[in-house]
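Me: I am new to reading protein structures. Could you take me through one, feature by feature?

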Amino acid sequence: MGRTAGPGHAYRRCPRVAALAKKALSIRPRQVTGADAQPRPGALIGGRQGASRSGQSGAIDWLATLLRGRPKRASELLRKPRSHRPSELWVLVVDASASTCRHGALSQAKGLLGTVLQQAYQQRARVAVLQATGMQAQWPFQGQKSSAAMLAWVNELGAGGGTPLIEGLVQTGEWLVQRQRSKPGEQQRVLVITDGRLREWSPVAPLSCPAVLVDIESGPIRLGRAQVLAEQLGAEYRHIEELRSTP
């Protein structure tokens with residue numbers, strides 16, 4: 001039986017798109033401080049599942065401890081090794097308004113999305129997707145593992161209607177705050193894909209986690225509004241044309 005392809009398989013032939021996807025998601029998550037902070041993982045001692053010896057501050061592994069005999073002092077307590085990788089969530093905010101049909105902008109966005117979903121599948125990151133198209137922003141996915149259903153969504157993604165992107169970004173910010181309360185140890189990153197062709201809008205609040213905005217505006221006449229939006233969101237700004245300079 002042949003091997004089943006993971007999400008994003010159809011986009012692997014474009015190494016430049018893969019390079020930009022890697023750049024877009026390479027920003028380091030902000031460190032959580034205070035009561036919600038998690039200890040930094042130690043060096044791995046062989047194997048793929050983390051350290052083989054117990055940590056100094058993990059939960060006590062009573063089964064392993066008692067199998068060695070009744071402990072007489074604290075140093076004989078065995079503790080469960082901490083996970084070597086915290087859980088991750090990638091939030092993809094996709095502008096699919098009518099203006100993205102111009103000059104192949106949406107096609108480039110779909111190529112990038114397919115590659116990002118493939119990387120999420122490989123890294124076991126959860127994915128949330130907000131689609132800004134038509135009259136209002138919608139959530140096709142909210143925190144699931146990358147799957148064939150997401151790839152099907154990318155393949156069927158079309159553009160049209162208005163640009164409810166600002167509304168979608170406000171929703172994203174509110175959803176992230178709620179998510180962070182319920183999952184304080186989760187590392188979150190946001191990828192916004194837009195051509196920035198928006199009418200005047202009220203300034204939006206910065207996102208509460210690291211973010212990258214990829215500008216897909218193309219053609220001879222450009223408004224350049226995506227860079228302004230990135231500054232308001234506190235996001236790193238990249239243009240899809242960076243692909244051309246990627247080896």
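**Reading a model step by step**

Reply: Gladly! Let's begin with a residue that has a relative accessible area of 0%: Thr194 is buried, because buried means under 20%. Keep in mind that this is a predicted model.

Me: Where in the chain is Thr194 placed?

Reply: Thr194 is in strand E4, which covers residues 187-194. A polar atom of the Thr194 side chain lies 3.0 Å from the backbone nitrogen of Gly196.

Me: Which residues does Thr194 touch, not counting those up to four places away in sequence?

Reply: Thr194 touches Asp95, Leu165, Leu213, Val214, Asp215, Ile216, Glu217 and Ala226. Glu217 comes up again with another residue: the side chain of His239 reaches the backbone oxygen of Glu217 at 2.8 Å. His239 sits in strand E6, residues 236-239.

Me: Is His239 buried or exposed?

Reply: His239 has a relative accessible area of 12%, so it is buried.

Me: Let me step back to the whole chain. How many helices and strands does the protein chain have?

Reply: There are 6 helices and 6 strands. Read from the N terminus on, the elements run α-α-β-α-β-β-α-α-β-β-α-β. Of the 247 residues in the protein chain, 41% are buried. The chain exposes about 14300 Å², and carbon and sulfur atoms supply 50% of that area.

Me: And how should I read contacts between residues that are separated in sequence?

Reply: Take the contacts in the protein chain with a separation of 6 or more: residues 24 or more positions apart account for 72% of them. Gly162 and Leu198 are 36 residues apart in sequence, and their C-alpha atoms are 9.3 Å apart in space. For Leu78 and Asp61, 17 residues apart along the chain, the C-alpha separation is 5.6 Å.

Me: Where do Gly162 and Leu78 lie?

Reply: Both lie in loops. Gly162 is in the loop between H4 and helix H5 (165-182), while Leu78 is in the loop between helix H2 (62-67) and strand E1 (88-95). Gly162 counts as partly exposed because its relative accessibility is 32%, whereas Leu78, at 18%, counts as buried. Leaving aside its neighbours within four places in sequence, Gly162 is in contact with Ser97, Ala98, Thr133 and Gly134.

Me: What describes two packed helices?

Reply: The general idea is to give the angle between their axes and the distance between the axes. Here, the axes of helix H3 (residues 105-123) and helix H4 (residues 148-156) come within 10 Å and cross at roughly 175 degrees. Angles over 145 count as roughly antiparallel, so H3 is roughly antiparallel to H4.

Me: Which residues of H3 and H4 meet?

Reply: From H3 there are Lys110, Leu113, Gly114 and Leu117, and they meet Met150, Leu151, Trp153, Val154 and Asn155 in H4. The residues of this contact divide into 6 nonpolar, 2 polar and 1 charged.

Terms used. Residues are numbered from 1 along each chain as its sequence is written. This is a predicted model: local features need pLDDT of at least 70, side-chain atom pairs count only at pLDDT 80 or more; totals for chains, interfaces and linings use all residues. Side-chain values use heavy atoms; hydrogens and water are left out. Helices (H or I, at least four residues) and strands (E, at least two) are DSSP runs, numbered from the N terminus. Buried means under 20% relative accessible area, exposed over 50%, partly exposed in between (1.4 Å probe, protein chains only). A polar contact is a pair of N or O atoms within 3.5 Å; within protein, one must be able to donate a hydrogen and the other to accept it, and residues adjacent in sequence count only if both atoms are side-chain atoms. Axes are lines fitted to C-alpha atoms, for helices over the stretch in contact, and angles run from 0 to 180 degrees between N-to-C directions. Angles under 35 degrees count as roughly parallel, over 145 as roughly antiparallel, 65 to 115 as roughly perpendicular and the rest as oblique. Contact means heavy atoms within 4.5 Å. Ala, Val, Leu, Ile, Met, Phe, Trp, Tyr, Cys and Pro count as nonpolar, Asp, Glu, Lys and Arg as charged, and the others, Gly among them, as polar. Accessible areas come from the Shrake-Rupley method with a 1.4 Å probe; for residues, only the protein chains shown count as cover.
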